[in-house]
Amino acid sequence: MSIVTTYPKSKGYSTGGIPLIERTDFLMMPDHELVAAIHQVGATALLSREIEFVLRVQGLIESRLVDSCVQLIWITDTGEQNVPGAIVICASDPTIQEVKALQYLEEMHANKAYIPKPIEERDYDSSVALIGAGIVNLITAMTLVENGYKVSIYSATPEPTQDEQWRKYGCTFAGNDARIFSFNESRQHHYHGTPLDEAANDRYRKLVETNGWLSCPPELLQEEDLEWIREYEAYPQWMFEKIQHEIIQFNRESYDCWNRMILDYPEMFHNSGYIGRLFRVYSSEGDLLKGRKSEREIGAYVRELHLSDYEQELPCFSQALNQERLSGGIEVKGFGLNIHKFSHQLINRLREAGVDFYWEEEISSIKYTSSGRVEALISSKRAIKAKHVVASPGVPSANFLQGMASDKQIGSMLGCWLTLPNDELNLRYPIKVGRSGYASEEAAAGANLIPGTGPDGKPLLYLSSGHGFIGLNPNNISKGHLNSLAKAVHETAESLFPEVYQQSLRNGLIPEEPRYCIRPWTPSCLGLLEVKPNAEGGLFILTGGHNTGGFAQSPAIARAVLDAIEGKANKMHFLYHPERLRRFFNFVPKGSGLLTYT
């Protein structure tokens, strides 16, 4: 990407390493010299604040003297105007103008990442093998079955029927029986709120104890882990702002899908502790004001909570409010449910629809043909082949994704859980709590509270919080670092519900070792969706790396998988393409060779 400006580059923000070529002399060149100069610099985009120059270059493009692939952008502060053949970027701040132009160019670049090939005839007997039995693939399986595909599911874990074996399970079942859907789920956690921010981005190099996100001994990190960190550090805040908007749009798309699913399968949600309301509470007035503003901007805001609302609907927060440990709250669009109960019902429904499940089959590698097509997935028991294969592996084993652009992009992120009795508290609604002034503040800026029931039917309250990076190897778990991360969820519980928390400690209801799950996480916070042809004449599709949003986005992911199989366009195909940002920012991991789009 060669971007030319006819004005001096704005100061005060990072381009993320993208060179902007300043050529103010272009403005004064006669046409023949200008044409030669544009060719010489290999310009793919021209940014100018001079409308006369823009119109002149547009004339050269129409005369075929300048390549029509050159993107012409007029930057202005005078209000949007229509300029045929050019893009108009309008903002009052010159730096914001430039950032918006870069965001637009990245969008156009991303659109080229993956173009599906339309299928001539739908094969309703096509077999689809799904690798992984977490919530993303369970929703994908249901979507495929509903559309007439024959599905089989292979999982590396045992069938998740015994909660005491949670360490053997993936993220869906390793965490407690609770999830929240919100428009902000899986958001760009590293966006600081302004696209011009150049604040330090060293959170993966600092331990949780020193207000970072690293939750394992630094000496355990390998070169591939450091490369993952360097990739995160390469991306500027204006790109994170764009990613934030994209993730929220996928969440909104999924929200509509979830609501349709609730109407189609009401008993499945009713039996899973579904609660169709969501509240956010904040520990400071400043956080409350910011939260109210951001939820309104994304269309999630429902109403402000008043004192009477707490008395009637959230009485367990009255003490925290009276003691000023909370400043206030709002109701937003969203819901909560018990993910284990919901997933078990999905598994049963899929079995009734003819889906075969194969448990304890870990995939060791992908076998390729000499032409680079996926021939089979090699498990501990067989070579798995199907017309289409869809893998959602969570944090994959070391060699699973060799040969894929997504290889080494999915890291391991710890999240901690705590369970309290809920009979006294009687919390009836899922809550997202904004935290500040606690330990591990950077790695645990919020906590989730979700009501549920235990195996004996007794009411429970599940709390989750924390982000602890342990590298690409999910086995890099250190007891001391895990306990440091778990402080976040313990502090939240003790601050909001001190009597119940202390009583639970005395009664031995809080285990010494924290419960945790390991979330699949990418350097950009974007999910991954990679599509490759396979030897059966179908597709191999990889989905994953959705950080905290696999559950929330699963209906949108399932739709993107179905669209890929059926040769239909879907924006997730290019926005979640694994090479999208690497190519635009020219980030080439060491030893990877030149990256090319599939």
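In helix H13, the buried residues are His481, Leu482, Ser484, Leu485, Ala486, Ala488, Val489, His490, Thr492, Ala493, Ser495 and Leu496. Buried means under 20% relative accessible area, exposed means over 50%, and partly exposed lies in between, with a 1.4 Å probe and protein chains only. Helices (H or I, at least four residues) and strands (E, at least two) are DSSP runs, numbered from the N terminus. An α-helix has 3.6 residues a turn, so residues three or four places apart point the same way.

This is a predicted model: local features need pLDDT of at least 70, side-chain atom pairs count only at pLDDT 80 or more, and totals for chains, interfaces and linings use all residues. Residues are numbered from 1 along each chain as its sequence is written, and side-chain values use heavy atoms, with hydrogens and water left out.

H13 covers residues 479–496. Its 18 residues should span 26 Å at 1.5 Å a residue, and the end C-alpha atoms are 26 Å apart, which agrees. The expected span is 1.5 Å times one less than the number of residues. H13 also bends, by about 30° at Ala486. That bend is the angle between axes fitted to the seven residues ending there and the seven starting there. Ala486 is itself among the buried residues of H13.

Now the pockets and cavities. On a 1 Å grid over the protein atoms alone, a cavity is a set of points where a 1.4 Å probe fits but cannot get out. A pocket is an open set with protein on both sides within 12 Å along at least five of seven lines, and lining residues have an atom within 4 Å of a point. Grid points are joined across faces, edges and corners, and a volume is the space filled by probe spheres set on the points.

The second largest pocket has a volume of about 690 Å³. Its lining has 29 residues, and Asp163, Asn176, Thr419, Tyr462 and Arg515 lie nearest its centre. Helix H12 (339–352), strand E18 (411–421) and strand E21 (459–469) each supply at least two lining residues. E18 gives the most, with five. By class, 15 lining residues are nonpolar, nine polar and five charged. Here Ala, Val, Leu, Ile, Met, Phe, Trp, Tyr, Cys and Pro count as nonpolar, Asp, Glu, Lys and Arg as charged, and the others, Gly among them, as polar.

There are three cavities of 30 Å³ or more. The largest cavity holds about 80 Å³ of space. Of its 14 lining residues, Gln409, Ser524, His577, Pro578 and Leu581 lie nearest the centre. Helix H17 (residues 580–584) gives the largest share of this lining, three residues.

Next, the backbone. Asn586 has a positive phi of about 55° although it is not a glycine. Asn586 sits in the segment after H17 and is exposed, at 62% relative accessible area. Asn211 has a positive phi of about 70°, again without being a glycine. Asn211 lies in the loop between strand E8 (179–182) and helix H6 (223–234), and is partly exposed at 36%. Asp202 is found in that loop too.

Finally, the whole. The protein has 17 helices and 24 strands. Its radius of gyration is 25 Å, close to the 25 Å that the globule rule gives for 598 residues, so the protein is as compact as a globular protein of that length. The radius is taken over C-alpha atoms, and the rule is 2.2 Å times the number of residues to the power 0.38. Of the 598 residues, 58% count as buried.
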